[in-house]
Amino acid sequence: MVEVSQLSEEIRRRCEKVAIILSDVDGVLTDGYLILDNHGHEAQRFHIRDGLGIRLWQQAGFPFGILSHRSSQSLRIRAAELGIQFIRQSVESKLTAAREILAQCRLGLDELCYIGDDLLDLPLLRRVGLAVAVADAVPEVRAVAHIVTEAPGGAGAVREIIEVILKTKDRWEPLVASLDR
């Protein structure tokens, strides 16, 4: 887990400014593997801790969204379960899709945290306020990231960065305490 106490002052400021998180799916919310059965039906694995992290982020009053180059029914189902506000599938340009969502929310790129793992994420990662790469992201993505998670994609990396951001904003402990009702 990335420790808040280990973050530079610049990264802390970037975390404090985050008002929305957008994430890639394959390789970030999943481990990047696709399971296809003999009938061509696809299955993906999502980590339960990422789901709780997204819920806590939303409970803190912040929007969460997904940008994916691919399209899948399992993602639609998981996103609906989590009440994810913004879902863009079959996206050609993640930067364009992110700008559309930000305009809708009246936010700027400097207020966006984007979590990615592969080359298609680079144009957006290079322009956001907080660029995050999962531990097993390709080298080019890790090189431009402000933070690289300790967890790989599909193994709690999204929860990890949500926790870091909320702790930086002093919002984590109240959320955890609210679960004790």
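The model is a predicted one, in which local features need pLDDT of at least 70 and side-chain atom pairs count only at pLDDT 80 or more, while totals for chains, interfaces and linings use all residues. Residues are numbered from 1 along each chain as its sequence is written, and side-chain values use heavy atoms, with hydrogens and water left out.

Figure 1. Helices (H or I, at least four residues) and strands (E, at least two) are DSSP runs, numbered from the N terminus. The C-alpha trace spans about 50 × 40 × 30 Å along its principal axes. The radius of gyration is 15 Å, which agrees with the value near 16 Å that a compact globule of 181 residues would have. This radius is taken over C-alpha atoms, and the globule rule is 2.2 Å times the number of residues to the power 0.38. Of the 181 residues, 51% are buried; buried means under 20% relative accessible area, exposed means over 50%, and partly exposed lies in between (1.4 Å probe, protein chains only). Among contacts (heavy atoms within 4.5 Å) between residues at least 6 apart in sequence, 54% join residues at least 24 apart.

**Figure 2. Helix 7, residues 157-168.** The end C-alpha atoms of helix 7 are 17 Å apart, which agrees with the 16 Å that its 12 residues should span at 1.5 Å a residue. The expected span of a helix is 1.5 Å times one less than its number of residues. Because 11 of its 12 residues are buried, helix 7 is largely enclosed by the rest of the structure. Among the buried residues are Ala157, Val158, Arg159, Glu160 and Thr168. Asp170, with a positive phi near 55°, follows the helix.

**Figure 3. Ile165 in helix 7.** Ile165 has 0% relative accessibility and therefore counts as buried. Which residues is Ile165 in contact with, leaving aside its neighbours within four places in sequence? They are Cys15, Val18, Ile21, Trp57, Cys113 and Leu130. Val141 is 24 residues from Ile165 along the chain, and their C-alpha atoms are separated by 20 Å.

**Figure 4. Helix 2, residues 48-59.** Helix 2 has 12 residues and reaches 17 Å from its first C-alpha to its last, close to the 16 Å expected at 1.5 Å a residue. Its buried residues include Asp50, Gly51, Ile54 and Trp57. What do the buried residues of helix 2 pack against? They pack against strand 1 (20-23), strand 4 (64-67), helix 3 (73-82), helix 7 and helix 8 (172-178). Gly61 follows helix 2 and has a positive phi, near 100°.

**Figure 5. Ile66 in strand 4.** Ile66 counts as buried, at 1% relative accessibility. Leaving aside neighbours within four places in sequence, Ile66 is in contact with Leu22, Ser23, Val25, Leu29, Leu75, Ala79, Ile84, Phe86, Ile87 and Arg88. The C-alpha atoms of Ile66 and Tyr114 are separated by 9.5 Å, although the two are 48 residues apart along the chain.

Figure 6. Most residues other than glycine have a negative phi. At 46% relative accessibility, Ser90 counts as partly exposed. Is Arg106 buried or exposed? With 76% relative accessibility, Arg106 counts as exposed.

**Figure 7. Val138 in the loop between strand 7 (130-133) and helix 6 (139-144).** Val138 is partly exposed, with a relative accessible area of 24%. Not counting residues up to four places away in sequence, Val138 touches Asp117, Asp118 and Leu119. Glu92 lies 46 residues from Val138 in sequence and 20 Å from it in space, C-alpha to C-alpha.
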